[in-house]
Amino acid sequence: SPQPADTLAESLKRAFGFESFRPGQEAIVRDALAGRDLLAIMPTGGGKSLCFQLPAILKPGVTLVVSPLIALMQDQVRQLIDNGIAATFINSSLASGEAAARFAGLLRGDFKLLYLAPERLLQSEFLNVTLPRIAASPGISAIVIDEAHCVSEWGHDFRPEYRQLAQVRSRCPDTPWHAFTATATPRVREDILVQLALRKPATHLASFNRPNLQYAVREKQRHTYDELLALSRTSDAAGIVYCLSRKRVDELSAKLQEDGVRALPYHAGLEADERRRNQEAFIRDDAQVVVATIAFGMGINKPDVRWVVHYDLPRTLESYYQESGRAGRDGDPAQCILFFGAGDIRTAEFLIEQKIDPVSGEPLEAEQRIARHQLRQVLNYAESTECRRAIQLRYFGESFDPPCNACDNCLQPRELKDWTVPAQQYLSC
Ligand code: ADP
Ligand code: MG
């Protein structure tokens with residue numbers, strides 16, 4: 001365990017075996033150790049977990065980590081335990097006896113980190129009885145909100161429970177709060193600060209640029225499938241294909257299989273068992289390609305994905321950044337290709353029109369307005385002749401001087417084409 005005399009670098013090495021901090025990590029860790037509220041925005045794969053895990057180890061008491069997905073919790077806790085760090089999670093996957101045993105361990109001070117879902121933290125029993133007991137002993141060193149963009153309707157993964165987390169504040173008013181996310185447009189950032197009621201937070205904003213990713217947009221047409229097939233066959237490197245519907249996922253993965261590609265489907269309509277098997281097959285390289293809806297992604301940590309294809313239009317530019325960003329986490333070059341056709345606009349608009357109140361049948365106007373605004377941004381991206389990287393980064397409030405020399409528009413400057421007409425009609429309305 002860490003010694004008081006350790007420098008931060010020594011603690012890092014001792015606890016995680018890493019030689020040095022990644023960019024931005026050390027400053028965040030120092031602010032966390034100083035007990036400040038903080039908001040840290042760092043791209044996926046940048047190493048956010050360590051920024052709260054290391055302070056959790058170094059401070060007395062237990063750090064509570066709110067995380068939106070059971071799979072994410074299990075993953076992180078397993079990695080911590082592998083490093084010999086006392087961590088655990090409490091969620092609905094546990095038998096009640098096991099949950100009780102973990103609570104008892106928690107009160108004895110057996111754990112440095114406890115992962116839990118927002119619903120659990122907000123349960124009245126937890127909020128009113130358990131939390132004050134932990135706060136009294138062993139003490140709560142920090143409350144961490146991971147994937148904090150879930151608090152915002154403007155993010156790509158809104159979770160209403162995240163909105164209520166600020167209630168927890170009154171139960172342990174002196175505990176610092178640390179919010180982490182990979183996705184924050186200026187608007188989402190503001191939402192996080194306000195909804196979580198962060199107090200004079202230190203804000204850390206890392207660059208979103210992923211220099212090893214190459215971006216391209218291609219017109220969707222009859223031989224789009226052949227392009228995908230050719231890409232799959234170029235090498236046996238791992239790739240992800242994102243589609244809008246489960247039906248399309250099933251069809252496309254079946255077609256790729258018929259054509260000899262080791263492809264597997266992934267969507268929320270599959271049995272949990274099959275989903276897990278397919279995901280594991282992909283991670284172990286037993287499958288080369290996973291064809292998926294957006295259900296596939298958060299928490300998937302496969303470093304050597306060499307390409308991500310969007311076979312359909314993503315819903316928001318932010319989700320495009322996240323989904324395409326699953327390529328090339330190892331820092332080696334990777335391709336991100338978006339196929340785009342006029343039909344996608346009709347589909348997207350159709351889906352937006354489906355956003356109606358299930359009780360009254362009235363359109364959910366606010367949601368529809370947000371979705372249309374987001375669709376326009378995606379179309380602007382797809383249609384633009386400007387550097388793709390510059391557009392993406394501007395979306396996150398970051399400026400970038402083109403050319404990036406790694407997107408289609410920088411490498412082959414092009415003229416506006418005919419197929420832009422339907423989008424231009426949409427954009428002008
Ligand atoms: P994020 O939450 O920002 O997406 P993670 O915290 O999951 O990223 O970290 C991504 C990967 O980087 C993990 O495998 C982690 O072990 C590794 N990592 C984090 N910090 C360092 C470091 N300082 N040195 C080497 N590897 C690191
Ligand atoms: Mg993370």
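What percentage of the 429 residues of the protein count as buried? The share is 40%, where buried means that 20 or more other C-beta atoms, placed from the backbone, lie within 10 Å of a residue's own, exposed means 12 or fewer, and partly exposed lies in between. Please keep in mind that this is a predicted model, in which local features need pLDDT of at least 70 and side-chain atom pairs count only at pLDDT 80 or more, while totals for chains, interfaces and linings use all residues. Residues are numbered from 1 along each chain as its sequence is written, and chains are lettered from A and ligands numbered from 1 in the order in which they are written.

Let us begin with the overall build. The protein has 17 helices and 13 strands, taken as DSSP runs (H or I of at least four residues for helices, E of at least two for strands) and numbered from the N terminus. With a radius of gyration of 23 Å, close to the 22 Å from the globule rule for 429 residues, the protein is as compact as a globular protein of that length; the radius is taken over C-alpha atoms, and the rule is 2.2 Å times the number of residues to the power 0.38. The C-alpha trace spans about 65 × 50 × 45 Å along its principal axes.

Now turn to the open sheet, where 6 strands follow the order 8-13-12-9-11-10 with parallel pairing; strands pair if DSSP finds at least two bridges between them. Its edges are strand 8 (213-219) and strand 10 (263-266), each of which pairs on one side only. Strand 10 pairs with strand 11 (residues 289-292) in the parallel sense over 4 bridges, and here Ala263 stands opposite Val289 of strand 11.

Next, have a look at ligand 1. Around it are 13 residues, of which Phe18, Gly46, Gly47, Lys48 and Ser49 come nearest; a residue counts as near if its C-beta atom, placed from the backbone, lies within 6 Å. Helix 3 (residues 48-58) gives the largest share of this shell, 3 residues.

Finally, find Lys200 in the loop between helix 8 (186-195) and strand 7 (202-205). Lys200 is exposed because 7 other C-beta atoms lie within 10 Å. From the C-alpha atom of Lys200 to that of Leu351 the separation is 40 Å, with the two residues 151 apart along the chain.
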